[in-house]
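Dear colleague,

I am passing on the structure below, together with some notes on what turned up in it. Please read the notes with the coordinates open beside them.

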Amino acid sequence: MLVVDDELRSQEAIRRTLEEDFRVLTAGSAEQASALLEREPVAVLLCDQRMPGTSGVAFLRQVRQRWPEVVRIIVSGYSESADIVAGINEAGIYQYILKPWAPEHLLDSVRNAVEAQALQRQTARLDLELRTSTPALRQRVSQRQQQVQQVYGFERIVRAAGSPLDGVCALAAKVARYDLPVLVLGESGTGKELLARAIHYASPRASGPFVVENCAAITDTLLESELFGHKRGAFTGAYEDHVGLFQRAHGGTVLLDEIGETSAAFQVKLLRVLQEGEVRPVGAARPLPVDVRVLAATHRELEQRVRDGLFREDLYYRLAAVTLTMPPLRERMADIGPIAQQLLHQVAAELRRPVPELPDGTLACLLAYPWPGNIRELRNEIARALALHDGARLPPEVFSPRVLQGHGTGSAAAQLAALVPSSGTLAQRLEVIEAMLLRETLLRQRWNKTRAAQELGLSRVGLRSKIQRFGLEPGA
C-alpha cells in the first residue's frame, strides 16, 4: 500500500490501520510518491485530494497513465460532487472515502481493492486464453455461470422448512422466467437485494450483467449521470464521456434500490426510460436504446407515498407489475437458527476465527428478541459476540443487553399484540401471554430456576410444572 498525504497524522493513522495486513509505504507529496512507484511494486494507492502543488485527482491521473494496474483510492475531507466526478472520469479511481473514516470501513475498502486488482489480472489472463483456446474458455465460462446461478439461487436463500419465505421464493421463481418488472418491498436488512439477485440468475438474462444502484446514496444530478451517463462538457467536471449503468447492464438486469427515496424530477426521467426503452445521457443530442430488465426495491410503503403525492402513480405501476414482500425476521422466527449458523460461519471466516458452537441457551436468547434491524442486526450481533469471546461455545452473555432482555425498538404493547394470537378463547390467549412471560424471565435469569421462581412468586415445583406444560426447556 502507498499512502500519499501531506499531513503526517493522517499518514500515521492510515498506516496503523493497515500495517497488520499490508506492507505500508508513505509519501508526503506527489513527487515522493512517484519516486516510490518507480522502485516499489504497489497494489493500492490511497491519496489525499488537497495537497500542496497538485490535487489528488491530478496526481492519480498521471498514475493511471504510467501505472494503470495500481488501484487508486481518494481519501478526502471534501465531498464536492465536481471532485468526485472528476476523480471517476479522469483518474479512474476505485473509491472515494470521506474523512473522518472508520478503521473497519477503510480496511474493508483496501481489502476489496486488492481483490479487485487480483480479479483484473485474472480477467487479463482469461482474455489471453480466449485468444488461444476459445472452446475451452467458453466451456469454463459456462461452468462458472452455472456455479454463480447455484450460489445465488432461490434455494440458497437460507430459511427453515415451512418458512414464510417459501411462498415468496416460489412466486419469485415463477415471475423470474418472464421479462416483467418486479417491485420488492420489505424492511431494511430483510434480504431484498438477495431476492432480486436470485430473480436475475433464474431468468433468461442470467448471462448478462446484474447492476445495483442505491438511489438514496447520491444526489439527483449524480444519480442521473450514474444511471443514464453523460457527455463530455455536459456539466462542470465532466471531462470525458461516461457510460451509464443502464448501458452497461444492456442485456441484463438493473436493481434500483431504495427507489422510494427519489425526487419527483428524477421519477419523470426514469418513467420515460421505462416507457421508451432508451436513455438520453446528460448533454447528449440523441437517446440510446437499452435492453434491460428493471427491478426495484424499497423499505417504504410505496402505495402510501403514491397517495401522499410523493411518488408518481404511473411510475409505480410501471415498476410494480409484480410485487413481492420480504417478511421481517420477527415474522419468521424459525429462520433465525439457520441464518445465525450461516452468519456464524461467514463472520468467523472473515475474522479468521474457528467457528464456535451455538448452544441451545444462546439460540433461545436469539429467538426471544424481535430483531428490528433484521438480518443486518443479527449479523452485527454475531460479529460482536465473536469479537468479545474466544471460547469454543458462544454463551448468551456475550450478546448486547437489549438482546439478552429480549427488547426491540417497538413498544411492549405493540410487541405483545404482534405475538398474541388474534383468535381463540380468553383462556387460550392468556396461556400464550403466561408462556411468554415465563420464557422472558427464564432467559433474563440465564435459566436459573430458583431466581426465576422467586421473581415470579412461584415455588420451584410450580415453575417446573409450568416449564413442562409450555415446553419451555432450553432449545425447545
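Predicted model: local features only at pLDDT ≥ 70, side-chain atom pairs only at ≥ 80, totals over all residues.

Arg332 lies in the loop between strand 12 (322-326) and helix 14 (336-350), and it is buried, with a relative accessible area of 3%. A polar atom of the Arg332 side chain lies 3.1 Å from the backbone oxygen of Pro327.

Turning to the aromatic rings, the count comes to five pairs. In one of them, the ring centres of Phe228 and Phe246 are 5.7 Å apart and the planes stand at 55 degrees, so the pair is tilted. This pair links distant parts of the chain, with Phe228 in helix 9 (residues 220-228) and Phe246 in helix 10 (residues 245-248), 18 residues apart. Phe228 is buried at a relative accessible area of 3%, and Phe246 also counts as buried, at 1%.

Tyr316 and Tyr317 form an edge-to-face pair, with 5.1 Å from centre to centre and 70 degrees between the planes. Of these two, Tyr316 is buried, with a relative accessible area of 7%, whereas Tyr317 is exposed, at 54%.

Two further points concern rings: Phe228, Phe246 and Phe266 form one aromatic cluster, and Arg197 lies over the face of Tyr152, at 5.2 Å from the ring centre.

Terms used: Residues numbered from 1 in each chain as written. Heavy atoms only, no water. Helix = DSSP H or I, 4+ residues; strand = E, 2+ residues; numbered from the N terminus. Buried < 20%, exposed > 50% of the residue type's maximum accessible area, 1.4 Å probe, protein only. Polar contact = N/O pair within 3.5 Å; in protein donor to acceptor, adjacent residues only side chain to side chain. Phe/Tyr/Trp six-rings, centres within 6.5 Å; stacked < 30°, edge-to-face > 60°. Lys NZ or Arg CZ within 6 Å of the ring centre and 35° of its normal.
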